[in-house]
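Let's walk through this one together, from the strands to the core to the charged pairs. Have a look at the fold first, then read on.

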Amino acid sequence: MTDKQLKVKAIENGTVIDHIPSESLFKIITILDLDQVTASITFGTNLESKRMGAKAIIKIDNHYLEDEQINKISFVAPLAHVNTIKNFEVVGKRNVEVPDRIAGIVKCANPACITNHEKIRTKFDVMKKGDRISLRCCYCEKITTQDNMVILK
């Protein structure tokens, strides 16, 4: 008896987001508005990974991510990799990186913050990076942790 294995079709051109924690897959689909993309999208979750135990992956045909979109990924999957594919070859590899300061990506956790009551773009200083990110609001100084982080669309 031989082992059978399903293989996901390689994409000719587009983006592959790999090393996503399985529990973050649908958060990434939501924050990147992938339900609005007309390209073919393949995703898998709870896939075996030597490094992570289990992981998720997203493949998007003929679609490339902007820097701001990659920054958004870093807040729910800080160890993810974004690969650019052209003619079935990886032409660019990028680890997502949490920047030192962010704007307009995350909602302030302080209900009294001015950004939650007026049309003011949120701004945060990143206090801690890695798998347990924490942010300090530039307006009210409230610390927002990964546990109470809400990504803005």
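How many residues lie between S2 and S3 in the hairpin that they form? The answer is three. Before going further, some ground rules: this is a predicted model, where local features need pLDDT of at least 70, side-chain atom pairs count only at pLDDT 80 or more, and totals for chains, interfaces and linings use all residues. Residues are numbered from 1 along each chain as its sequence is written, and side-chain values use heavy atoms, with hydrogens and water left out.

S2 and S3 run antiparallel and are joined by seven bridges. Strands here are DSSP runs of E with at least two residues, helices are runs of H or I with at least four, and both are numbered from the N terminus. Two strands pair if DSSP finds at least two bridges between them.

Now zoom out to the sheet.

What about the nonpolar core? The term covers buried Ala, Val, Leu, Ile, Met, Phe, Trp, Tyr and Cys residues joined through side-chain atoms within 4.5 Å, where buried means under 20% relative accessible area, exposed means over 50%, and partly exposed is in between (1.4 Å probe, protein chains only). The largest such core has 33 residues, and those with the most contacts inside it include Ile17, Ile58, Phe75 and Leu135. Among the elements that each supply at least two residues of this core are strand S1 (14-20), helix H1 (25-31), strand S3 (53-61) and helix H2 (67-76). Ile58 turns up again here: leaving aside residues up to four places away in sequence, Ile58 touches, among others, Ile17, Leu25, Ile28 and Leu34, with contact meaning heavy atoms within 4.5 Å.

On to the charges. A salt bridge is a side-chain nitrogen of Lys or Arg within 4 Å of a carboxyl oxygen of Asp or Glu, and by this rule there are seven. One of them joins Arg121 and Glu68, at 4.0 Å from N to O. Arg121 lies in the loop between strand S7 (106-107) and S8, while Glu68 is in helix H2, so the pair ties together parts 53 residues apart in sequence. Glu68 counts as partly exposed because its relative accessibility is 42%.

Asp100 and Lys129 make another salt bridge, with their closest N and O atoms 2.7 Å apart. Asp100 sits in the loop between S5 and strand S6 (101-103), and Lys129 in the loop between S8 and S9, 29 residues apart. Asp100 is exposed at 56% relative accessibility, whereas Lys129 is partly exposed at 40%.

Which residues are linked in a network of salt bridges? They are Arg101, Asp125 and Arg136. The Asp125 and Arg136 side chains meet at 3.5 Å, N to O. Asp125 lies in strand S8 and Arg136 in strand S9, so this pair ties together parts 11 residues apart in sequence. Asp125 counts as buried at 19% relative accessibility, while Arg136 is partly exposed at 29%.
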